[in-house]
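Welcome! Have a look at the structure below, and then let us walk through it together with a few questions and answers.

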Amino acid sequence: MTKKVIKINRKIRFLSWFIVFLTVNFIFGQNGFCSLKSRENGVVKALRKVSPAVVNISSQYEIRKKSNPFFNYGMDPVFEKFFQDFFSPEHERREQRSSLGSGVIIDGHRGLVLTNAHVIDKGTTINVALKDNREFEAAIVGMDPDSDLAVLKIKSQHPLPAIQMGDSGDIMIGESVIAIGNPFGFSHTVTTGVVSAVNRSIKTDKRVFHQFIQTDASINPGNSGGPLLNINGELIGINTAIYAQAQGIGFAIPINRAKRIVSDLINYGEVIQPWIGMTVQPLDSTLSEYLNLKAGAGVIVTAVEERSPAATAGIEEGDIVISIDGFRITGVSAYDQTIRELSANKVVPIEINRKGAISSVPLKTMIFPQDRALELTRRRLGIRVSDLDDATRSKYGIRATQGVLITDMHRGSHLARIGVRPGDIIRQIDEERVNHLTDFKAAMVKYRNKRSVVLLIQRDGHLYHINAPMKENGQ
């Protein structure tokens, strides 16, 4: 065999092996590609779409502790408590603390971020970090502790991603859900599960939260404020970890409920409670039997305010409210919860039973007018108040310059019976400080739907906390 033939055979063998090599790599590469595509399920697709809009939130806050200069000498705890109360502010020790949570960008153009209120309620400085490592200092647009929701605003010179809103009204028990958050500082952690239940109520040390989505997707501290997604990557809830006793159970605020609250926070900086203008009481067994109604068939109207939305709609005392805006009213708590979910300046149908005849009337909710706050105070607390001016301070011998003065009282009111009297000063209503009459009016409007409020009363330089029922004539 000539050298030329040998060279040709070598080239042929080399080309053959090269073709085999390319074929094998092509086949295995295609299989690998196909394998990747087959593993790309709905969760992977949803995360790819949503993750850029999920943010980590860190807030810095300061706590103050009174330091004991004798602590290192092994002082008895009883005496240590004495010194903690005794030493002046210069002996205070200041410590910086931080809290971690999650959030989601709901409006990329305006830089609006939705999160839990408890994530940022103590924070003096709030930082927001995106998945692409961009960081921003955030400002609080508004927060509502009652719903545990807050809206933040960040400013960016470049476009921000935003999440797609879903519909929590058609959630199915058992459908797959995805949670993304920052548990224990582990950024963009993903957990999956199913919807275990809806309309759950959970009780904490401070309050009761209603209408939660329950899921078995892990939601831990740091997940708070992060999104709960359906399999299409749509936002259906805001995760919360306020229920510390839960193990293998997570809760989320339905996005349909959050939308109304977010709208108020953006427009007003707080949640505006709509004004209906009627007082109700439960249908007890005796009354239900007398009216030939089933238990839990509604609530009975006991009073209708003049010139109120209820009065305009034609609702009368003695009417039985069966449903509001399509929600069945099974008792006073269901009535209160339904009213809280309504928006102001919205027309809602109210189904009533009047002497056995069922009808539906349209009612337009309103924002409670502050010029009626003093009338409300007289009816609900049984007192009249005025600003502290030179004349009133001189009349009652008062040196205080902040608060509102009680000038008159209904004799049968609860406050009169427990010893509150004209000349006393109201300094606070629940959590709202009262420095002037304007503050007092705003607080009364805010808490007008409560069964009772806590008043901070000042008399002769002393302060007293008093629980006051909010009933007709303050009784």
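Q: Is asparagine 133 buried or exposed?
A: This is a predicted model, in which local features need pLDDT of at least 70 and side-chain atom pairs count only at pLDDT 80 or more, while totals for chains, interfaces and linings use all residues. Residues are numbered from 1 along each chain as its sequence is written, and side-chain values use heavy atoms, with hydrogens and water left out. Buried means under 20% relative accessible area, exposed over 50%, and partly exposed in between (1.4 Å probe, protein chains only). Because its relative accessible area is 67%, asparagine 133 counts as exposed.

Q: Where does asparagine 133 lie?
A: Helices (H or I, at least four residues) and strands (E, at least two) are DSSP runs, numbered from the N terminus. The phi of asparagine 133 is near 75°, a positive value in a residue other than glycine. Its place is the loop between β4 (125-129) and β5 (135-144).

Q: Which side chain makes a polar contact of 3.3 Å with that of glutamate 305?
A: Glutamate 305 is also found in the loop between β15 (299-304) and α7 (309-313), and it counts as buried because its relative accessibility is 17%. Contact means heavy atoms within 4.5 Å, and beyond its neighbours within four places in sequence, glutamate 305 is in contact with residues including Trp275, Phe368 and Arg372. A polar contact is a pair of N or O atoms within 3.5 Å; within protein, one must be able to donate a hydrogen and the other to accept it, and residues adjacent in sequence count only if both atoms are side-chain atoms. The partner at 3.3 Å is arginine 379.

Q: In what order do the six strands close into a barrel?
A: Two strands pair if DSSP finds at least two bridges between them. Strand β7 (residues 176-181) and strand β8 (residues 189-203), for example, pair in the antiparallel sense over six bridges, with glycine 181 standing opposite threonine 189 in β8. The barrel pairing is antiparallel, and the order is β7-β8-β9-β12-β11-β10.

Q: At roughly what angle do the axes of α9 and α12 cross?
A: Axes are lines fitted to C-alpha atoms, for helices over the stretch in contact, and angles run from 0 to 180 degrees between N-to-C directions. The axes of α9 and α12 come within 9 Å, and the contact includes Leu374 of α9 and Phe440 of α12. They cross at roughly 65°.

Q: Which residues of helix α12 (residues 437-446) are buried?
A: Among the elements that cover them are α9 (373-380), β21 (383-387) and β22 (404-409). The buried residues of α12 are Leu437, Phe440, Ala443, Met444 and Val445.
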